[in-house]
Amino acid sequence: MEKKDNGIYHHLRLSANNPEHMKVHNALMDLNKEIYKSKNQFIFEALLFYIDALEKNPMIRNGNLKLPDSDMLITKSEMDAAVVSLRNDLTKYVNKEVLTTIISVMGKNMSMSMVSAENTNMGQNENNKPDVDERLIELASKWS
């Protein structure tokens, strides 16, 4: 009795003149038999891996594979809008950080100048009022 073969056959022809074909041929000839029991198994697993990786691309004519959802794709205008929005947000953030740093440095300088003024003339004039740097007050009022 003959064995009944339910196999579906696809043949692969490699050209010895094509370097890419020779790369495939060399890989098939050097397979680790402990991992892949046959060349057929290796080709089968490689094709499954490739198909799974590209499952959402329309690569087969009859449409058995899933097409990408339209919300997963982004148009050039949507990308440009996202870039502009990101740039604006980043500019606002950097401006805020720079202003915060400038104000804190000015505050430290103002407190240091007040301490040094107190040390030199005890921080008071003839009217018993603290000495104030007019330029510093002008700058502080501009920032607020």
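What share of contacts in the protein chain between residues at least 6 apart in sequence join residues at least 24 apart? The share is 13%, where contact means heavy atoms within 4.5 Å.

Before you start clicking, note that this is a predicted model, in which local features need pLDDT of at least 70, side-chain atom pairs count only at pLDDT 80 or more, and totals for chains, interfaces and linings use all residues. Residues are numbered from 1 along each chain as its sequence is written, and side-chain values use heavy atoms, with hydrogens and water left out.

**The whole chain**

Show the protein chain as a cartoon: there are 4 helices and 0 strands, in the pattern α-α-α-α along the sequence. Helices (H or I, at least four residues) and strands (E, at least two) are DSSP runs, numbered from the N terminus. Of the 144 residues, 4% are buried; buried means under 20% relative accessible area, exposed over 50%, and partly exposed in between (1.4 Å probe, protein chains only).

**Ser15**

Now select Ser15, in the segment before helix H1 (19-29). Ser15 touches His21 and Met22, leaving aside residues up to four places away in sequence.

**Gln41 and its surroundings**

Move on to Gln41 in helix H2 (residues 39-53). A polar atom of the Gln41 side chain lies 2.8 Å from the backbone nitrogen of Lys37. Gln41 also touches Ile35 and Tyr36, again not counting residues up to four places away in sequence.

**The aromatic pair**

The rings of Tyr36 and Phe42 have their centres 5.0 Å apart and their planes at 85 degrees, so the pair is edge-to-face. Rings of Phe, Tyr and Trp (its six-membered ring) pair if their centres lie within 6.5 Å; planes under 30 degrees apart are stacked, over 60 edge-to-face and the rest tilted. Tyr36 counts as partly exposed at 22% relative accessibility, and Phe42 counts as partly exposed at 25%.

**The lining of the largest pocket**

Finally, select His10, Asn40, Ile43, Phe44 and Leu47, the closest to the centre of the largest pocket among its 15 lining residues. H2 gives the largest share of this lining, 7 residues. A pocket is an open set of points on a 1 Å grid over the protein atoms alone, where a 1.4 Å probe fits, with protein on both sides within 12 Å along at least five of seven lines; lining residues have an atom within 4 Å of a point.

Methods: Polar contact = N/O pair within 3.5 Å; in protein donor to acceptor, adjacent residues only side chain to side chain.
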